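Hi,

Here is the structure I promised to pass on.

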Amino acid sequence: MEVFYDTHIHLMTLEEPDFAAFLAPLVTSPASFLSGSLTKDYIFSGRQSMVNDIGNTLVTFTQGIVETMTMLEDDLAGRFRHPDNRASYPSLPYLRDGRFHFRDRVYDRLVLCPLVMDFTHIPDDGARTYYPVSTNDKLTAYLGKTLAAIEEFRRLRPASPIVFRPFAGINPPAHTQEFLERYLERWLNITRRTDDASHPFFGVKLYPPLGCDPWPSDAAELKKMRTLYSFCSRYRIPIVTHCDDQGFRGMDVRRAWRFTDPASWRSVLENYPDLVIDFAHVGRQYGLLNGGGNIVDGIAARLKGQPTDEWFYSLMGLIQDFDNVYSDISFTGAYKDFYITLGNYMKRLDESSRNRLQDRLMFGSDFSINLLRVESYSAWWNIVETSPLPDDLVHRMTSVNPARFLALADEPRIKEPERRMRLPRFR
């Protein structure tokens, strides 16, 4: 059985995000908030379609999760295609005849990994709001809502090739040590079997910009993180962590960038070398004040058509140094030039380093957040499909590598393709 994976999607409504936390830095440090929002070609980039993109994104946030799930399947089946946007789509829909078609391969199953975010508010003694921010446990409700939607989708679409392997978010500094321990034992799939209904989440989602320091100096907070890493290492629970400099921040932008920087995770991996972790977005840096690195080196990289982001190179170092570090392209994959710069970078690597990187990259769409850059789920995959990456590398990123990353005992085993990858000619 051939299996196709999207390892990074978001299914949520406007009820889940903590907008009070998002706006707090604007009140406490407006200059910092605004400087972090000054970006090159991110959301507010002057595109004519920007307003439509935002409206399109809000559609998914103002409907139920199960409605978004069925909408995804209908989109892949070609039910929303319009005559005036055919250039953004394949000639045939991706879902047809009960299977998923991509390039020249046919997949029997499409596995989607919804990442449940933990928006639990971190108590702040310096909060300036007149009314106190709610500390109700919205996370447990969000987990339950996601599971209920998965069950309802199965009832509504019993013949669908789409299956869900959700990840449970947790923001340790927002919770007590006791809550964290109960949470891990209650929700995380320690058997690594898909039929273990008592532990329905197959991985952990971390989000540093909401206040999660990967290796904090405070002893109590470090104990929480060690508890999480020890648990995930012991049971081989994979982690997905945010790794670009934008997104939903709930703290001062400089601290958020420090927590998110791949270099901040080296101590974690040195202490927990068996930890399986996916750094999403390939370390992309959009912030005008967060370019990072040496200016001369950045100019040289740009002239060679290679990535210029310091975080990218820091992440590449982690991939080469540790056996279980992965990266999914998610939001970064909406930029067509990304595939050019990635190919140019890989072309300059020695064979061993290139092979290692090709075994660690994964596709993740970042739906529905990616609708801020693309028209639809199908349009995002069309960018991937028409990219200059070779077929065997695309198959690794969409099938072989995600299967190894998830390592579910009863998921169909995927044969590793022969090592015959030829990089195309890049600029």
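**What I found**

The side chains of T140 and D137 are joined by a polar contact of 2.5 Å (a polar contact being a pair of N or O atoms within 3.5 Å; within protein, one must be able to donate a hydrogen and the other to accept it, and residues adjacent in sequence count only if both atoms are side-chain atoms). Before I go on: this is a predicted model, where local features need pLDDT of at least 70 and side-chain atom pairs count only at pLDDT 80 or more, while totals for chains, interfaces and linings use all residues. Residues are numbered from 1 along each chain as its sequence is written, and side-chain values use heavy atoms, with hydrogens and water left out.

Back to T140, which sits in helix α5 (residues 138-156). Helices (H or I, at least four residues) and strands (E, at least two) are DSSP runs, numbered from the N terminus. T140 is partly exposed, with a relative accessible area of 30%; buried means under 20%, exposed over 50%, and partly exposed in between, using a 1.4 Å probe and protein chains only. T140 and A168 are 28 residues apart along the chain, and their C-alpha atoms are separated by 9.8 Å.

Next, strand β5 (residues 109-114). 6 of its 6 residues are buried, so β5 is largely enclosed by the rest of the structure. R109, V111 and C113 point one way, and L110, L112 and P114 point the other way.

Which strands does β5 pair with? Strand β1 (residues 3-9) runs parallel to β5, joined by 5 bridges, and strand β6 (residues 162-164) also pairs with β5 in the parallel sense, over 3 bridges. (Two strands pair if DSSP finds at least two bridges between them.) L110 stands opposite F4 and has I162 as its bridge partner in β6. R109 is the bridge partner of V3. β1 is mostly covered too, with 7 of its 7 residues buried.

There is also an open sheet of 3 strands, in the order β2-β3-β4 with antiparallel pairing. β2 (95-96) and β4 (105-107) stand at the edges with a single partner strand each, so one side of each is left without a neighbour in the sheet. β2 is joined to β3 (residues 99-102) by 2 bridges, and L95 stands opposite F100. L95 is buried, with a relative accessible area of 9%. L95 and S160 are 65 residues apart in sequence but 9.6 Å apart in space, C-alpha to C-alpha.

Helix α8 (residues 253-260) has V253, A256, W257, F259 and T260 buried. They cover an arc of only 165° around the axis, which puts them on the same side of α8 (the arc is that of the directions from the helix axis to the C-beta atoms). D252 caps the N-terminal end of α8, with a side-chain oxygen 3.0 Å from the backbone nitrogen of R254.

Cheers
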